Amino acid sequence: MKKLLACMLALLMAVALCVPAMAADNVVIGFAQVGHESDWRAANTNDYQTTFTTENGYDLIFVDADNDHAAQMEAVRSFIQQEVDYIVICPVQEAGWEVVLQEAQDAGIPVIIADRTVSADPSLYTTFLGTDTALEGETAGLWLAEYLDGKEANILVIEGSVGASATLGRTTGFNKIAEEHPEWKILDSQSGDFTQAGGQEVMESYLKSYAGQFNVVVCQNDNEAYGAMDAMDAAGVTYGVGGDVIIISFDATKEGLTRTLAGKINCNVECNPLQAAGVLDIIAKIQAGEEIPDVTIVPDEAFVAPGITSALAQTMTQELLDGRAY
Ligand code: GYE
């Protein structure tokens with residue numbers, strides 16, 4: 001019995017000594033996330049939290065900036081103070097990063113910009129990994145051109161958060177194609193802040209100002225599209241395949257693609273939120289002293305509702321939906 005007790009004690013001590021030692025070896029990552037505005041963001045956060053785990057050798061310090069640029073910069077400054085090993089930022093807005101990035105650089109902490117870009121000089125951060133949102137906007141425009149085949153378009157745009165690179169990119173990309181189509185008119189373009197409530201609010205005001213005057217609504221993310229749909233339902237406006245209004249959305253989350261499969265969203269341009277594995281790969285390479293690329297683009301696809309065939313997008317099926325991870 002005594003022997004057993006001694007043995008158990010020894011084991012407990014070994015575990016107690018061992019756990020902090022392992023944790024002390026862990027790579028510490030400060031992760032400054034945009035917020036929790038959308039389903040896409042929830043999938044992105046979950047991806048980081050399940051990828052950078054203690055068991056995998058990482059301690060992830062997660063801060064939700066609640067869509068506030070100042071709060072996000074504060075988070076980065078607190079990471080610098082805590083002397084983390086790496087900082088990952090999904091920037092709320094594109095502008096205004098120079099000073100804090102310089103501070104991180106002065107502290108010798110590598111910074112990975114993920115998901116959304118910054119306008120700061122690339123010499124101020126280590127690398128960028130994310131999707132090409134301007135290309136996503138172009139894809140949406142090219143699909144609309146293919147679908148309408150020369151017919152007129154009176155377009156209402158519900159943009160994402162003001163100043164976010166995802167908003168700027170999708171707007172620039174779509175407008176580039178719109179400019180090539182004199183038969184298209186963008187009636188209005190306002191921010192719905194990438195939220196469902198924001199999408200609904202903007203659509204409600206559009207329905208008052210442009211009743212009967214539009215046939216296309218471009219929502220810069222799925223959650224905004226859900227809000228816009230609620231507003232159109234309440235106003236008795238039909239949309240989707242066979243409806244009066246064509247809906248284009250971005251993200252292609254599981255719920256977004258469920259609605260695409262149901263014919264409620266005509267075209268949904270993907271934006272892949274599963275980016276943590278790519279970030280982990282970059283960090284592992286830096287740890288190993290290997291070269292890393294300046295920019296890593298996560299590729300996207302596009303999906304269209306059943307009954308639509310496109311050279312640019314896959315037609316949704318139940319099988320495609322079942323295979324979606326987010
Ligand atoms: O489209 C939207 C999210 O930055 C690409 O942010 C991301 C966007 C995404 O809130 O749903």
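Me: In which sense do strand β6 and β7 pair?

Reply: This is a predicted model, in which local features need pLDDT of at least 70 and side-chain atom pairs count only at pLDDT 80 or more, while totals for chains, interfaces and linings use all residues. Residues are numbered from 1 along each chain as its sequence is written, and side-chain values use heavy atoms, with hydrogens and water left out. Strands are DSSP runs (E, at least two residues), numbered from the N terminus, and two of them pair if DSSP finds at least two bridges between them. Strand β6, residues 153-159, is joined to β7 over 7 bridges, and the sense is parallel.

Me: Which strands stand at the edges of the open sheet?

Reply: The sheet has 7 strands in the order β7-β6-β8-β9-β10-β12-β13, with mixed pairing. Each edge strand has a single partner, so one side of it is left without a neighbour in the sheet, and these strands are β7 (184-191) and β13 (314-315).

Me: What area is buried between domain 1 and domain 2?

Reply: An automatic or database domain assignment sets the bounds, giving domain 1 (25-131 + 273-297) and domain 2 (133-271 + 302-322). Buried area is the accessible area (1.4 Å probe) that two parts lose on being put together, summed over both. Carbon and sulfur atoms give 49% of the area buried here, which is about 1,100 Å².

How values were computed: Helix = DSSP H or I, 4+ residues; strand = E, 2+ residues; numbered from the N terminus.
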